[in-house]
Amino acid sequence: MESADSPPGRLIVLGGGIASLSAAFYASAPGHESVFPGGIHVYEMTEMLGGKGASRRSDSHFVKNRIEEHGLHVWFGSYDNAFSLLASCHAYLEGEAQTNGYQRWSSSLRDIEDGFRPSSRIGLMDYDGASWLPWVADFPEDSTTRPWDERALDEKFGSPSDLVTRALRLAEAFLYSLAGRSIAGVKPRSVFLDIEDVPIPIQLPPATWISDTFDRLLSSPETATAGAEAIGKVLEILARVSTELRNRLDEPVRRHSSLRRGWQLVDVLLAAVRGLINDGVVSMGDFSLIDEFDLRAWLVFHGASEESVSSSLLKVLAYDLPFAYAAGAAEEPLISAAVGVYGLFRLLLTYRGAVMWKLNAGMGEIVFAPIYEALVRRGVEFHFGHEVQEIHLDGREHRATKISFKQRASLIAKMPLAVVSVQTGPLAGELPYWTSTLDEGKVPDDIDLGRHDMVVYGLPVGTILRVIPSAPKRWQDCAHKVKTVSTACIQLWLNAPVQHYAPWASPDITVGGYTEPFDTWSDMHTLAGERYQPGAGAVRSVAYFCNVAPDGYTNAQLKEEVRTFLGAGIAAMWPAYRPEMAVDCFLKLNDDASSRYTLSVPGTLHARLSPRDDSIRNVRPVGDWTRTSISAGCVESAVISGMLAATQLRPDRPLTIYGERL
Ligand SMILES: Cc1cc2nc3c(=O)[nH]c(=O)nc-3n(C[C@H](O)[C@H](O)[C@H](O)COP(=O)(O)OP(=O)(O)OC[C@H]3O[C@@H](n4cnc5c(N)ncnc54)[C@H](O)[C@@H]3O)c2cc1C
């Protein structure tokens, strides 16, 4: 039993997800020994790190050392903070290797560059009422920047007015490409490459006039008074341009699918800009003003057409990718307009290098192994197999006094992690990975918290009511209001390359908007390290599918649906697929409190706890369910959450958090 008079000042981090690890990494920066003389300790109930982002390797009958993920994970080029966390881990470990002779666990993954590759091709499945039409869009890449490059300190970034200026510039570029022209000096970030073949005669204001006017007037010193007038002017112009476009484009747009898609994006962008201005988000600098609305309904209210808000682009980016379906019901798409529009704008307008980045192996290897290694090197202690049962509170003092664990033998993870030998590709060499072959440890001791101990609560939102039965009201409100949803995922190993079963597609593509039960598919053919058993034939591609799953969904239903889906349902997306192409399959239903995906349902933003909340004085909540600039179920939001908590735990180490107003 650890007693209250044990050395003062421990940092107890509960949970081994990315939010906890982000907090632990920044809290363990140089000088941590004097802030937490009792050390930094991470307690995780499973045998590995990563939580909803975890992956492990294990052998199947056909595929040796296959990667098994919690679900499809891609990173977006707008994940400044998540990339920066990983880049800092590598920089720290390389520094140790060069100056202190430290030997790194991996011979091949030594730099963030080794772990990711740009991925710009997105496919959308469009249903025209009779059949499915795949449509492939290439998002522009810029090889001169990377999402882990430091941003210039003076770069305006992420505020409502900054995002509106960026949205206006994108809308202008699209408008000009719709009219068959391009704006000098503005690279049309058009994904509709063939639009320029079908110009339409529309009258537009001079090139970047709208965005320049908006930007100039908003940044003038007299913004408070001049701003309102400027905004009014911009709104007037937007209304005129939209009406003219709608009138003139109606006919050609209906006839030509590229035009229709281009117009739909412009329509959505302009409606979002109008909404952000009209609803006071720009003038008040506060996205939460529109939190009570669903994104689609809000866009329609601000002038977007029903057709535009039902487009597959919006469905994929704002609903399918963030699993935004209440209770997992396909007919109930629901996402807060505040979270949806902010997320969309960050994703489309602030990315660097490429819109999406894919991992060259599993999340466990590319993300969690290097963070684990860096933390171990810094002296952080890990306790796997420790399931928190309860946090006991002293109600009068609003403090946590004791943490108790489930009384069963814990697990001891290997350290360093075992390595898999990767033969080819960017990770050729030795790559540390997570496996489930572990030893049993001792039964965990409860922790009595001393006056100087601090706790980071990095467990999922669904655990709060059980783990802290007497939680303060703010915590209880959060637990009741922030909803989660089950997800179902398939990994399919195939003996044919993508073009053999989906001739319209290409390797590395990510496709959304398809029908249930699996609306999203991503090709992961480059997964490193697999070795295939004789008899399986060569594995030439790996397909990941994922989707929400309705409440109450079972593993038996998942198996049955996968059988039907691969039997017939997939035909419209993979017209040349034959069952004998499938070599191996891994299914995962994430339906327990710890693994359900965190939603951003309208009207719940204020219920999210701040990572700096001190209603339990010695506990800081972190996770993708807390309040950040993003406030959504994604790696970037979870990393920001951990960083926000770290700024309180280590006030001596100020942090730059991109896109977050501190
Ligand atoms: C199927 C799926 C696909 C996704 N795809 C993407 C994607 O492509 N891109 C993206 O950015 N995000 C994606 N996400 C979201 C992303 O994975 C999460 O937002 C992120 O991992 C959340 O991190 P976290 O630290 O907040 O929580 P978690 O990862 O849930 O971490 C919580 C940790 O606490 C542990 N724990 C739980 N209960 C206890 C207990 N009682 N005692 C001790 N430990 C406990 C858990 O084991 C876990 O390790 C996806 C999520 C899912 C479910």
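Strands here are DSSP E runs of at least two residues, and helices are H or I runs of at least four, numbered from the N terminus. As a reminder, side chains in a regular strand alternate between the two faces of the sheet.

Quick housekeeping: this is a predicted model, so to speak of local features we need pLDDT of at least 70, and side-chain atom pairs count only at pLDDT 80 or more, while totals for chains, interfaces and linings use all residues. Residues are numbered from 1 along each chain as its sequence is written.

Now, who sits beside strand 1? Strand 2, residues 40-43, pairs with strand 1 in the parallel sense over 4 bridges, and Leu11 has Ile40 as its bridge partner there. Strand 19, residues 454-457, also runs parallel to strand 1, again with 4 bridges, and Val13 stands opposite Val456. We call strands paired if DSSP finds at least two bridges between them.

Val13 and Val456 turn up again around Ala23. Leaving aside neighbours within four places in sequence, Ala23 is in contact with Val13, Val456, Gly458, Val622, Gly642, Ala645 and Ala646; contact means C-beta atoms, placed from the backbone, within 7 Å.

Ala23 also belongs to the largest nonpolar core, which has 193 residues, and is among those with the most contacts inside it, along with Ala24, Ala167, Leu269 and Val273. Helix 8, residues 257-278, gives the most to this core, with 11 residues. A nonpolar core here is a set of buried Ala, Val, Leu, Ile, Met, Phe, Trp, Tyr and Cys residues joined through C-beta atoms within 7 Å.

On to the ligand. It's surrounded by 38 residues, the closest being Gly15, Gly17, Ala19, Gly51 and Gly71; the cut-off is a C-beta atom, placed from the backbone, within 6 Å. Helix 1 (18-27), strand 20 (484-494) and helix 19 (635-649) each give two or more residues to that shell, and helix 1 gives the most, with 3.

Last stop: an open sheet of 3 strands, order 12-13-18, with antiparallel pairing. Strand 12 (388-394) and strand 18 (447-448) are the edges, each pairing on one side only. Strand 13, residues 399-405, meets strand 18 over 2 bridges, with Ile403 partnered by Ile447.

Notes. A residue is buried if 20 or more other C-beta atoms lie within 10 Å of its own, exposed if 12 or fewer, and partly exposed in between; C-beta atoms are placed from the backbone. Two residues are in contact if their C-beta atoms, placed from the backbone, lie within 7 Å.
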